[in-house]
Amino acid sequence: MATFLYKLGRLSFRRRRYVALLWVLLLGGIGYASSAAPAPPADSFSMPGTDSQKAFDLLDERFPAASAEGATARVVIRAPEGEKITDPAAKAEVNQLVAALGKGPQVAGVADPYKANAVSKDGTTAYASVTYKVISTELTDKTRDALTDATDTTRAEGFTVETGGDAVQAEQEMGGSAELIGIAVSAVVLVITFGSLIAAGLPLLTAIIGVGIGVSGIAALGSVLNLSGTTSTLAMMIGLAVGIDYALFIVSRYRAEIAEGREPEEAAGRATGTAGSAVVFAGLTVIVALAGLSVVNIPMLTKMGLAAAATVAIAVLIALTMIPALLGFAGKRALRRKDRKNLKSRADSKDSKDSGLTKPGATHDQNTKPNLGTRWARLVLRRPVTVLLIGVLGLGAVAIPATSLELGLPDEGTSAPDTTQRKAYDLLSESFGAGFNGPLMVTVDTGGTKGAAAAAETVGTSLAKVDGVAAVTPASVNPAGDTAIITVVPTTGPSDHKTEELVKTIRSKASGLEADTKSDVLVTGQTAMTIDFSQTLDDALLPYLGLVVGLAFLLLMLVFRSVLVPLKAALGFLLSVAAALGAVVAVFQWGWLADIVGVDQPGPIMSMMPIFMIGVVFGLAMDYEVFLVTRMREAYVHGARPAEAVVTGFKHGGRVVGAAAVIMISVFSGFIMENDDMIKMMGFGLAIAVFFDAFVVRMAIVPAVLALLGKSAWWLPRWLDKLLPNMDVEGEKLHKTLTPSSSPAAEDEDEDEDEDRDNDEDRELEPVRG
């Protein structure tokens, strides 16, 4: 592979104008296609095979006018102090509000609180339920304005009016300020890392082009493949992250090759052949992790994962072709001005040396100090056991809160206290009970025969006696008389564990009720859907983890030709994810540092957080593993001792991996400033996970383990070595095929460096060998 990519890099370098033009034309063409394509469909949430989804599908079929999956709004009205909502004047005002709500666009119906028994026992509060014909994402601004105008009019008369439900949830702007903050911080980090605006601009430019092509492609194919607008959210986040990473590593390797005296075209070829090979396998691990979301069997997550995987594939292709092309335009200007001067001085020094004007034995790097990566690696190699224990025990301690992880979905009870949704939630809980914020819908289906009313009455009478049920409303029967809906109000709130137990109890009783009434009894509603969603993700977690880790283990065996290195990589990843989940639980569930992070109300952890974190962080973690350890493997294959190979890997890759991690942390941290707790949680979880994995696992635990394993780290059974294809990721075949004449300056350097390296390593690594 390295040889092929070497040739591809040189070809892209020589044909740079054509390659750059091709990508620009591709971006423009797909951008035009996306602008001309029909609007993408709205988000449709479904969970095939669950009871709640079966019930929703049944309601759509038997109650088409009820808009079972349509958006809803609960308008809570409280009379002025000292008055009753049942007073004639207050009742007239509420009736006017109900009439105004019913005239709004896209409204399917409004339940009169006086007819629906939606008045509190103390007579101070009532609520009207508004049902819309479309789901929340399809509501127009005119519809939302009509809802707001109606409530404002009643509020002006002295009533307390607050609104909850998905019809009034604020739309979150993904891909706005958070990404801009990430790009800005990335630019700063890249400039500091490279010391050159040109070198810093290349990863940003190619990442933006890759994300632009990916997101535009999703928009262009949205109506054909039923991809909603939010499908591009994950693609944008991950595409930006890996796009910068992959370009960063190739540009960094190119600068290192130039610094060794190679010509730009040769440097571009070697950088693409070596670092590019690592990019290919790092990209494959990310693609496996994202595409693996298909096993969850939630269509929305499947589409998001596949779309993001496609964007990662585009990022890999751009890194392998467009980066060498742009380096062709940049040439040696990708180096810092100081490095360009040093390079010229070295060339002049070589000429002087050839003329006999330099002192015997003088070398160009006598005054060069080891960089931070080299010093850190040598420190870890001297104390590997201490570093390993500190890293493992530290992450283990942070992971302890994860043992009390409670999964759920955020509801309006976790919204900011000053929002109308939270105020409506509190008013309902105070006046009616917490369960009114998450009623359950029980469907009774007699299979096409009449008699649903009698069957529903029997079911309702039975359910009213169940512990945890606050109220059961009379059944609503469809015109055909074969299906009925019963509303069951729990005594506890939507996110309460007792509500989940109630749903399980009702479903366990359903089999007996079905036999008595000769009907199908199903439980649904937003609360039941949330419970089923959490259960679906929980059931898929271990299969998904096994699939992702198993396939990535095989890929890493191909990369490193080792059994222990991939095993160490997988175990380190699990440790970092466990620690990240522990930190998320401590902040968002327990409330530690909640004020600093901006958590308004601690509560259950979002159900999709663990599986989402595994998918995203695993891909990025393997990126750092591949880029860092591949350089170690390359040095080891070319004759370096195990400890020396570790130092070489950190010397050339430590700073770049650290910069890539800081960039990713900055991108994800930008989401912590969003108002939505779910987005805030995702941003915090991903940022802290990358921090743990990059700076604790990859920078500390990995070199410590490799130091303890020595040559055993690169052990592979002979039979397996023969069975696995040799992908030549470390460029061993490339190194053998390239003639010394391709890098004349490197010959002189190699002679000096070999002698210096032996002396330095014997002196500085003596504590390790001792």
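User: What share of the contacts in the chain with a separation of 6 or more comes from residues 24 or more positions apart?

Analyst: In this predicted model, residues 24 or more positions apart account for 80% of those contacts. The chain has 770 residues, of which 53% count as buried. Its secondary structure comes to 27 helices and eleven strands.

User: How should I read a sheet, and what is the strand order in the open sheet of four strands?

Analyst: Strands of a sheet pair through backbone hydrogen bonds, and the pairing is either parallel or antiparallel. Here the order is 2-3-1-4, with antiparallel pairing. Strand 2 (107-111) and strand 4 (160-164) are the edge strands, each pairing on one side only. On average, and ignoring direction, neighbouring strands of this sheet are turned by 20 degrees against each other.

User: How many bridges join strand 1 to strand 4?

Analyst: Five bridges join strand 1 (residues 72-78) to strand 4, and the two run antiparallel. Within this sheet, Val76 stands opposite Glu162 of strand 4.

User: Which strands does helix 4 touch, and which does helix 5 touch?

Analyst: Helix 4 (residues 88-102) packs on the sheet and touches strand 1, strand 2 and strand 3 (125-132). The direction of helix 4 makes about 165 degrees with that of strand 2. Helix 5 (residues 141-155) also packs on the sheet, in contact with strand 1, strand 3 and strand 4. The direction of helix 5 makes about 155 degrees with that of strand 4.

User: How do I read a nonpolar core, and which residues touch the most other members of the largest one?

Analyst: In soluble globular proteins, nonpolar side chains tend to be buried together. The largest nonpolar core of this model has 166 residues. Leu234, Ile238, Tyr246, Phe573, Phe588, Met613 and Phe668 touch the most other members. Beyond residues up to four places away in sequence, Tyr246 touches Val279, Ala282, Gly283, Val286, Val312, Ala315, Val316, Ala319, Asp623 and Phe627. Another core, of 23 residues, lies apart from the largest one, and its members include Ala71, Ala90, Tyr132 and Ala167.

User: How is a helix pair described, and at what angle do helix 9 and helix 11 pack?

Analyst: Two packed helices are described by the angle between their axes and the distance between the axes. Helix 9 (residues 231-259) and helix 11 (residues 299-330) pack at about 25 degrees, with their axes 8 Å apart. Angles under 35 degrees count as roughly parallel, so helix 9 is roughly parallel to helix 11. The crossing of helix 9 past helix 11 is right-handed.

User: At what angle do helix 19 and helix 21 pack?

Analyst: Helix 19 (residues 564-589) and helix 21 (residues 609-637) pack at about 135 degrees, with their axes 10 Å apart. That makes helix 19 oblique to helix 21. Helix 19 passes helix 21 in a right-handed crossing. The contact residues include Phe573, Val577 and Leu581 of helix 19, and Met613, Val617 and Ala621 of helix 21.

User: Why does Ser34 count as buried?

Analyst: Buried means under 20% relative accessible area. Ser34 has a relative accessibility of 19%, and therefore counts as buried. Ser34 lies in helix 2 (residues 16-36). Leaving out residues up to four places away in sequence, Ser34 touches Ser216, Ala219 and Ala220.

User: Is Val656 buried or exposed, and what does Val656 contact beyond its neighbours within four places in sequence?

Analyst: Val656 is buried, with a relative accessible area of 5%. Val656 is found in helix 22 (residues 642-669). Beyond those sequence neighbours, Val656 is in contact with Leu248, Phe249 and Ser252. Val656 and Asp245 are 411 residues apart along the chain, while their C-alpha atoms are separated by 9.0 Å.

Definitions and conventions
Residues are numbered from 1 along each chain as its sequence is written. This is a predicted model: local features need pLDDT of at least 70, side-chain atom pairs count only at pLDDT 80 or more; totals for chains, interfaces and linings use all residues. Side-chain values use heavy atoms; hydrogens and water are left out. Two strands pair if DSSP finds at least two bridges between them. Axes are lines fitted to C-alpha atoms, for helices over the stretch in contact, and angles run from 0 to 180 degrees between N-to-C directions. Contact means heavy atoms within 4.5 Å. A nonpolar core is a set of buried Ala, Val, Leu, Ile, Met, Phe, Trp, Tyr and Cys residues joined through side-chain atoms within 4.5 Å. Buried means under 20% relative accessible area, exposed over 50%, partly exposed in between (1.4 Å probe, protein chains only). Angles under 35 degrees count as roughly parallel, over 145 as roughly antiparallel, 65 to 115 as roughly perpendicular and the rest as oblique. A crossing is left-handed if the near helix is turned anticlockwise from the far one by less than a right angle, and right-handed if clockwise.
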